[in-house]
Amino acid sequence: MNPCRFPENFVWGAATASYQIEGAARQDGRGESIWDRFCSIPGNVKGQDTGDVACDHYHRYKEDVALMKSLGLKAYRMSISWPRVLPGGKGEVNEKGMAFYSSLLDELLDAGIEPYVTLYHWDLPQALQEIGGWTNPDMPRYFSDYARLLFERFGSRVKHWMTLNEPYCAAFLGHYEGRMAPGIRDFSAAVLAAYHMYRGHGMAVRCFREGGFPGEIGIALNLMGRLPLTDSEEDRLAAQRADGYLNRWFIEPIMRGCYPQDMIELYRSKGIVLPEFKAEDRALISQKLDFIGLNYYNDFYVRADEQRWPLGFTIENPKNVPVTDREWPITEDGFTRMLLRLTREYGVPKILVTENGASYPDVVDLNGMVEDGARCDFLRRHILAMHRAMEQGAPVAGYFLWSLLDNFEWGCGYASRFGIIHVDYATQQRTIKKSGHWYASVIASNAVE
């Protein structure tokens with residue numbers, strides 16, 4: 001079989017997020033985040049794990065950048081911890097936190113690795129949550145001020161910015177389902193939080209444009225297919241609602257300047273209080289972006305269930321579907337479909353795959369190796385699926401594997417491993433897995449066989 005080759009300028013990278021790897025939660029002036037508070041409440045996180053230490057990247061970043069260089073990474077997607085640089089969320093700057101990111105950026109650039117920086121990967125300062133967090137109408141302004149600070153401090157070294165990571169998770173999983181920070185269970189609050197996140201996104205994009213900062217700016221969205229479990233009309237309609245809940249509610253305001261009308265009508269029929277969706281806000285939200293980041297893990301299967309308020313569906317895997325250890329189905333064809341959907345339905349001019357990966361129960365064997373063949377197979381399937389989409393016109397310019405390191409995986413704590421580098425959390429020993437060596441060969445050849 002001939003190898004599938006990628007364009008010469010294709011960007012190969014890996015991704016992490018601040019709370020998931022940095023640790024040093026109470027050092028050098030860092031403020032408390034909503035995830036620090038959420039983890040402190042028994043029952044919220046598996047094993048009562050926290051991000052207090054995580055991968056200790058705050059102290060080991062030079063070692064981690066050296067590992068990135070050894071793998072041949074061209075780029076690294078990272079996030080900045082808002083409470084590390086602004087402990088109160090606004091006001092006084094923590095210069096020690098700024099110095100950490102400045103040193104990390106220098107280390108990356110010295111290693112020939114291009115930084116791609118996410119402004120908000122869920123670790124809101126707890127001080128802002130105390131005044132309502134993302135439900136507070138002043139939050140977009142606080143976020144824009146935070147963004148401006150980072151553009152001004154790091155704009156000479158960072159040329160690629162993402163405003164938000166997966167606003168669906170931060171809004172709906174954090175404010176409706178309650179299984180992520182801040183742990184609220186109020187659908188109206190979730191919709192309002194999502195709206196304010198998008199207003200903040202728009203204000204940050206406007207700040208970037210008006211400030212004349214070099215480079216590009218976009219957003220990272222988790223968009224994944226919602227497939228009917230059966231051929232029944234009930235399941236088909238449930239899948240359409242699920243698509244509106246996860247996908248269309250977040251891509252259409254950005255690309256079309258409007259919210260999906262069928263979902264507005266559904267929410268209103270259930271008595272959910274919705275924001276006003278002002279025209280000037282929709283224009284702000286739908287400013288032209290340089291790229292859309294796609295976080296893709298899998299499609300989910302949807303079964304109609306009228307007992308599930310307000311959306312009337314539940315997620316259920318078909319029998320015998322292959323899954324990862326998170327029970328997520330392996331659906332690489334859905335990756336191709338979503339990339340083509342962004343291209344054909346929404347006219348996205350440039351796509352970065354900002355996350356893609358799989359969790360498996362990896363162990364270091366007696367030879368000091370991590371033989372994660374299942375992850376190698378998963379990655380190969382999905383990179384080939386991405387290539388098929390590109391052959392059909394999808395403007396994919398880069399791929400960031402999730403994740404560089406095993407890390408704190410939110411509600412799953414340390415029980416879920418996505419990394420291509422194994423981390424022994426007791427000793428902080430790093431071990432490149434078989435998948436890491438495989439990915440290095442892909443980068444070196446710019447091709448997949």
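Helix H11 is followed by Gly271, whose phi is positive, near 80°; helices (H or I, at least four residues) and strands (E, at least two) are DSSP runs, numbered from the N terminus. This is a predicted model, in which local features need pLDDT of at least 70 and side-chain atom pairs count only at pLDDT 80 or more, whereas totals for chains, interfaces and linings use all residues. Residues are numbered from 1 along each chain as its sequence is written, and side-chain values use heavy atoms, with hydrogens and water left out.

**Helix H11**

- Helix H11 spans residues 261-269, and its buried residues are Met263, Ile264, Leu266 and Tyr267, where buried means under 20% relative accessible area, exposed over 50%, and partly exposed in between (1.4 Å probe, protein chains only).

**The barrel**

- A closed barrel of 8 strands runs in the order E2-E3-E4-E5-E6-E8-E11-E12, with parallel pairing, and two strands pair if DSSP finds at least two bridges between them.
- From one strand to the next the twist averages 25°, with axes taken as lines fitted to C-alpha atoms, for helices over the stretch in contact, and angles running from 0 to 180 degrees between N-to-C directions.
- Strand E2 (residues 11-15) and strand E12 (residues 396-402) run parallel and are joined by 5 bridges, and Gly13 stands opposite Phe400 in E12.
- Helix H8 (residues 167-175) packs on the sheet, where it touches strands E4 (114-120), E5 (160-165) and E6 (216-222), and its direction makes about 45° with that of E6.

**The nonpolar core**

- The largest nonpolar core holds 157 residues, of which Trp35, Trp82, Phe172 and Met386 touch the most other members; such a core is a set of buried Ala, Val, Leu, Ile, Met, Phe, Trp, Tyr and Cys residues joined through side-chain atoms within 4.5 Å.
- Helix H9 (residues 187-210) gives the most to this core, with 12 residues.

**Cysteines**

- The structure holds 0 disulfides, a disulfide being a pair of cysteine sulfur atoms within 2.5 Å.
- Cys55 is in no disulfide, and the nearest cysteine sulfur, that of Cys39, is 14 Å away; at 0% relative accessibility, Cys55 counts as buried.
- Cys169 is also buried, with a relative accessible area of 6%, and its sulfur is 12 Å from the closest cysteine sulfur, in Cys412, which is too far for a bond.

Methods
Contact means heavy atoms within 4.5 Å.
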